[in-house]
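Please open the model in your viewer and keep the selection tool at hand. The tour below moves from one selection to the next and says what is to be found at each stop.

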Amino acid sequence: MSRTPRPHRLAAGLSAAALVCVSLGAATGAHAATAAGPLMNYVVNTKATPGHVRKAEDAIKDAGGKVLVSYRQFGVVVAQSTNPDFRTDIRATHNGREVESVGATRTAAVSEGGMNALDEATATPVADPREGEQWDMQQIKADQAHAVTDGSRSVLVGINDSGVDDTHPDLAPNFDAADSVSCVTNGVPDRTAGAWRPTTSSHGTHVAGTVAAARNGIGIVGVAPGVRIASVKVVNDAGFIYPEYSICGIVWAAEHHMAVTNHSYFIDPFEFWCKDNGDQGAVQEAVRRAYAWATDQGTLSVAAAGNSNYDLANKTTDNGSPDDGPAVPRTINNDCLDMPTELPGVITVASTTRTGARSSFSNFGLDKIDVAAPGSSILSTLPGGGYGLMSGTSMASPHVTGIAALIKSTHPWWGPRDIERALRTEADDTACPTTPDARCTGTTANNSFYGEGTADALDAVTR
């Protein structure tokens, strides 16, 4: 959560929903120039795994066809082509061995509109005015992932933060007021209209824009511009996030079926809550139980790693706690947790710069960081309809939250553990700096600076 001067503090079965609609790009490949025949639709059968389906899709495109719909859960792709030799050519392509069988769906030419009409209906929209400034979306390949999905309206994401300005033109189209709440009155849910709006901080509105700013020809585009967002206000006017606020927020999110929640803060007043301290130990256990319960209900939590340039795997001292009164320097150990980011089942996100290097402020730690994402000088929404740059692991976390929402959109039957596995597996391995840094330990596949690597939206939604 960014409260000056401490920027980190906010810094199933088969159903219609299970299908994946793939954008209809221009036909490419060796057979794209084949003389046109009648427009026909085909079913292409392959093995029921994302990888095999993806290769079958590539074979379709290489044979001069277009993908209409992919049913990854049972290995069927519906395609369209004017190539009279489509059945033969698809098997002759590099990925043709992935095709088990292919057949036309009718004997007459398609009558309900050809590829040109479909292309017009699903054409890539004109870029939003400031989308070109969003280097962060390119770094995580969100711009490419949007060719697969912008996210499903059935996916609801909780912005557990300082409140969200639902009147912002880039957020209003995706905002869900009915499921928004404030938890900053003793951790008791306040459903008063507008109680979940920001009062003293722009932090939550900035986070919300990175997750889900709408694709609407205005401003910027979020990682998941097609999902819905709800404001779960857990930060009071003084900038504090007390344990009861955070517990209230995560329970509310789970009860209201939020698939993913973003937590760009640490719980006050202790940066690290120690298990062997009476009060702190009791709080640690209560918060742990709340987040574990939410995970069991189907809610994945994504959290900022923190902005103290601290090795979370080797804790020794805490000089800034408590932060709601005089700080008392103390010796700590690894049983002292930065919450919620170090809780079991919570995705911990470190920050990177435009060059892909670790941001100098980002916390780190071997087997503590799950993935990394852009967090330095990120352009996003501000209250009152504005836009601005902010930095922090608070800005990195919502990129991963947005990717998780896209994963849930393409795999609606997946639970938190499945999404977590995809985030980790599909992240791009990122090695330690070439200039030796003793703090970066581990391997290219998993190290203390980047965890499993830099988050990859494209691979995550096409796996």
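On this tour, buried means under 20% relative accessible area, exposed means over 50%, and partly exposed means in between, with a 1.4 Å probe and protein chains only. This is a predicted model, in which local features need pLDDT of at least 70 and side-chain atom pairs count only at pLDDT 80 or more, while totals for chains, interfaces and linings use all residues. Residues are numbered from 1 along each chain as its sequence is written, and side-chain values use heavy atoms, with hydrogens and water left out.

Start with the charged pairs. A salt bridge is a side-chain nitrogen of Lys or Arg within 4 Å of a carboxyl oxygen of Asp or Glu, and by this rule the count comes to 19 salt bridges. Helices (H or I, at least four residues) and strands (E, at least two) are DSSP runs, numbered from the N terminus.

Select D176 and R228, which form a salt bridge with their closest N and O atoms 2.6 Å apart. D176 lies in the loop between β6 (156-161) and β7 (181-182), and R228 in strand β8 (residues 228-233), so the pair ties together parts that are 52 residues apart in sequence. D176 counts as buried, at 10% relative accessibility, whereas R228, at 22%, counts as partly exposed.

Next, select D456 and K141, whose side chains meet in a salt bridge of 2.8 Å, N to O. Because D456 sits in the loop between α10 (416-426) and α11 (457-462) and K141 in the loop between α4 (135-139) and α5 (142-145), this pair ties together parts that are 315 residues apart in sequence. D456 is buried, at 3% relative accessibility, while K141 is partly exposed, at 23%. Stay on K141 for its backbone, where phi is near 65°, a positive value in a residue other than glycine.

For a network of salt bridges, select D370, R417, E420, R424 and E452, which are linked in this way.

Among the buried residues of α7 are Y245, I250 and W252. Just after α7, H257 takes a positive phi of about 60°.

Select helix α6 (residues 203-212) together with helix α9 (residues 393-410), which pack at an angle of about 35° with their axes 8 Å apart. Here axes are lines fitted to C-alpha atoms, for helices over the stretch in contact, and angles run from 0 to 180 degrees between N-to-C directions. Contact means heavy atoms within 4.5 Å, and the residues that make it include H206 and V207 of α6 and M395 and H399 of α9.

The last stops are in the backbone. Most residues other than glycine have a negative phi, and most peptide bonds are trans. Select D268 and P269, which are joined by a cis peptide bond with omega about 5°; P269 is in the loop between β9 (260-263) and β10 (273-274). The peptide bond from S321 to P322 is also cis, with omega near -10°, and P322 is placed in the loop between β12 (317-318) and β13 (330-331). Finish at N186, where phi is near 60°, in the loop between β7 and α6; at 62% relative accessibility, N186 counts as exposed.
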